[in-house]
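Subject: Structure handover

Hi,

Here is the structure I promised you. Please open it and keep it beside you while you read.

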Amino acid sequence: MQWVKVLGGLVGASALLGLGIILGHFAIPKGADAPAPSVSVSQDLDLEILETVMKQLDASKIRENLRELSREPHLASSPRDEALAQLLLQRWRDPESGLDAAEAPTYEVLLSFPSREQPNRVAVVGPTGTILFSCRQSEQNLTGEQGGPDVVPPYAAYAPPGTPQGLLVYANRGTEEDFMELQTQGIRLEGTIALTRYGGTGRGAKAVNAAKHGVAGVLVYTDPADINDGHSSASQTFPNSWRLPPSGVERGSYYEYFGDPLTPYLPANPSSFRLNPDTVSGFPPIPTQPIGFEDAKILLCNLQGTSAPAAWQGALGCDYKLGPGFRADGDFPADSQVNVSVHNRLELRNSSNVLGIIRGAVEPDRYVLYGNHRDSWVHGAVDPSSGTAVLLELSRVLGTLLKKGTWRPRRSIVFASWGAEEFGLIGSTEFTEEFFSKLRERTVAYINVDISVFANATLRAQGTPPVQSVIFSAAKQIPAPGLDGLSIYDNWIQYFNRSSTEYGLVPSLGSLGAGSDYAPFIHFLGISSMDIAYTYDRSKTSARIYPTYHTAFDTFGYVDKFVDPGFSSHQAVARTAGSVLLRLSDSLFLPLNVSDYGETLRNFLQAAQRDLGVLLEQHSISLGPLVTAVEKFEGAAAALGQHVSALQKDTPDPLQVRMLNDQLMLLERTFLNPRAFPEERYYSHVLWAPRTGSVATFPGLANACSRAMNTSLGSAAWAEVQRQLSILVVALEGAAATLRPVADL
Ligand SMILES: [Zn+2]
């Protein structure tokens, strides 16, 4: 959009100039210490600035950031976590490279920790009560970094204390179907301890499902088949390779929802109303403890009973049996039991977010948010420090340009370092609760870069359709690391692609679940959001995530040696996310392509017609109004797109630009309906709420249909299908209305 640069020099229309001065006057608040470059109301993305930023993002500085960020364990609310909050504040207040302002507000939130005095323990207990075997209580100290006092022992956060003891059963991934299968096999689950492996369902869901069947305690481990492509020996694992060593244990939150557990929908300020911790829902109902696969092997390979189904087998080197209890010819007497002692405690703790702002020159009341969490389980070099290392480098480069007076964005940029994400996206959720109205009114988009580099094969992006085009634009102009002449986009399309009715073959964007801090922004506030990272070559590994995830082996050395030697993938992510950020903050017209929602709506509609059409017809429910609503949306989005293109060729009135940008910004908001899913906390986006029904269509419709499927004509479940359909039609009609010319009826 080079034309605006020309226009900048030619602005002669006095009305335009006058408005420019007024907006400029309000844009630079008193007390802003950085010099203001000359501000034009028609200020557009400056490709030279963009190029400068791309060049200045320095891989070695990202590496140094990472070394410092991951030097010590920094569990949420720990002294080191707070020290890192101060480090961020200091960087963002630096006179040479800082931002306009930075703050570190805290919330008082409910976290869960294991007891130091009474460590959690998993033991095999013989018939006379003697302890025959104990699982490790901490990971093996392989690099000298796993033994420190700040390395929190493996635990299941929010799992309740208790000391259940019973016969061991193997329950695969602990899904509802897995426990049903055990019952079908005639295994009595009452009072047992269920050994499950990670994957297949959420952490907390394993205990919820188990408890429904009378299970008394749950163990969770990571099978080498799921994380190490089957490899498990010490010589094949860290520190000899990037694979998970036998003692490694994935920690994690077992809380079902997100946000502070005591203050749903309210910010966790000291004066806020709090629920009684004893009656809070969403915590695991029974004691749960994670263990390493070296210990899981001893338990699992000694089980008696019938062989587990083929799909339940893993890579521990034995035939997995279902139990209950141990076989007579194994390492333990046949009637030995497993005792699980959990002594976790709930604690109210102060946790900080760190926020830094660069005030916009022309539209300071429009925010582009860029964030990542700061807290880790242990050293957290990959998760989350790889993202924070990138965040700090990006803010340094932009801060330096700002302080030199060479640049100020058109819109405000807000950087955020969220606290207590690992316990359930707490810092970011509390922030969205506290600033609910302001953020909904003024936020253009949210960029999340949590783990920036899982592996160094290709870009991976998740987001809602309006952000697709801006990520593509950025990725097309940045070279892929290590691949001469190939752009990030060209490389990306080889790994993740789909054929689009609109564009042909394009890289495919994943959809946003609730895996990181973007969740409250998209699901609760309806802000167009994205998550950007570099990731695996899936033809080379089937690991469900990088192997040392949430263990004490996720260290600087691990990243430096195995994940991204040279840090060129970190640099590639910094450039991609930085380019997206600048395009969103500086482009005259917001680079959000709302027409791209049409393709999603069309795909959802076609899936509904194909897979649910007959069923709905049998219940006299017509998809007709939905078809009409999708068509209206497509028409309105196309017309708006043409309007933007026409204006770009002309000299647009600044108010016209602002009106259009507001339509683009607010489109995502129109898909929210806080009454759509009353049973789901925070989820109100009718297109991206969790889908449990098997048809890949609108989640509300899919879920309602799957529940109604086997009920009779006229049941409440079928009424819910009709209600969900109406909610959708209203949302899509509303979306179309938002996109139509603003003065139309
Ligand atoms: Zn993370």
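First, the ground rules. This is a predicted model, in which local features need pLDDT of at least 70 and side-chain atom pairs count only at pLDDT 80 or more, while totals for chains, interfaces and linings use all residues. Residues are numbered from 1 along each chain as its sequence is written, and side-chain values use heavy atoms, with hydrogens and water left out.

**The zinc site**

Start with the zinc ion. Its protein donors are His373 (NE2), Asp383 (OD), Asp450 (OD) and Asp450 (OD), at 2.0 to 2.4 Å. Donors here are N, O and S atoms within 2.8 Å of the metal (3.2 Å for Na, K and Ca); water is not among the atoms, so sites may look incomplete. Along the chain, the donors are spaced H-x9-D-x66-D. Asp383 sits in helix 10 (residues 381-404), and Asp450 in the loop between strand 17 (443-448) and strand 18 (458-463), so the pair ties together parts 67 residues apart in sequence. Helices (H or I, at least four residues) and strands (E, at least two) are DSSP runs, numbered from the N terminus.

What is the arrangement of the 4 donor atoms? It is irregular, because the angles run from 53 to 146°. Four donors count as tetrahedral if all angles lie between 85 and 135 degrees; four count as square planar and six as octahedral if opposite donors are over 155 degrees apart and all others between 65 and 115; anything else is irregular.

Asp383 and Asp450 are both buried. Buried means under 20% relative accessible area, exposed over 50%, partly exposed in between (1.4 Å probe, protein chains only).

**Cis peptide bonds**

Asp383 turns up again here. Its peptide bond to Pro384 is cis, with omega near 10°. Pro384 is in helix 10. The bond from Phe238 to Pro239 is also cis, again with omega near 10°.

**Positive phi**

Ser77 is not a glycine, yet its phi is positive, about 70°. Ser77 lies in the loop between helix 4 (59-69) and helix 5 (79-92). It counts as buried, at 11% relative accessibility. Ala420 has a positive phi too, near 55°. Its relative accessible area is 0%, so Ala420 is buried.

**A helix pair**

Last, look at helix 13 and helix 14. Ile471, Phe472, Ala475 and Lys476 in helix 13 meet Ile488, Tyr489 and Trp492 in helix 14. Contact means heavy atoms within 4.5 Å.

Best wishes
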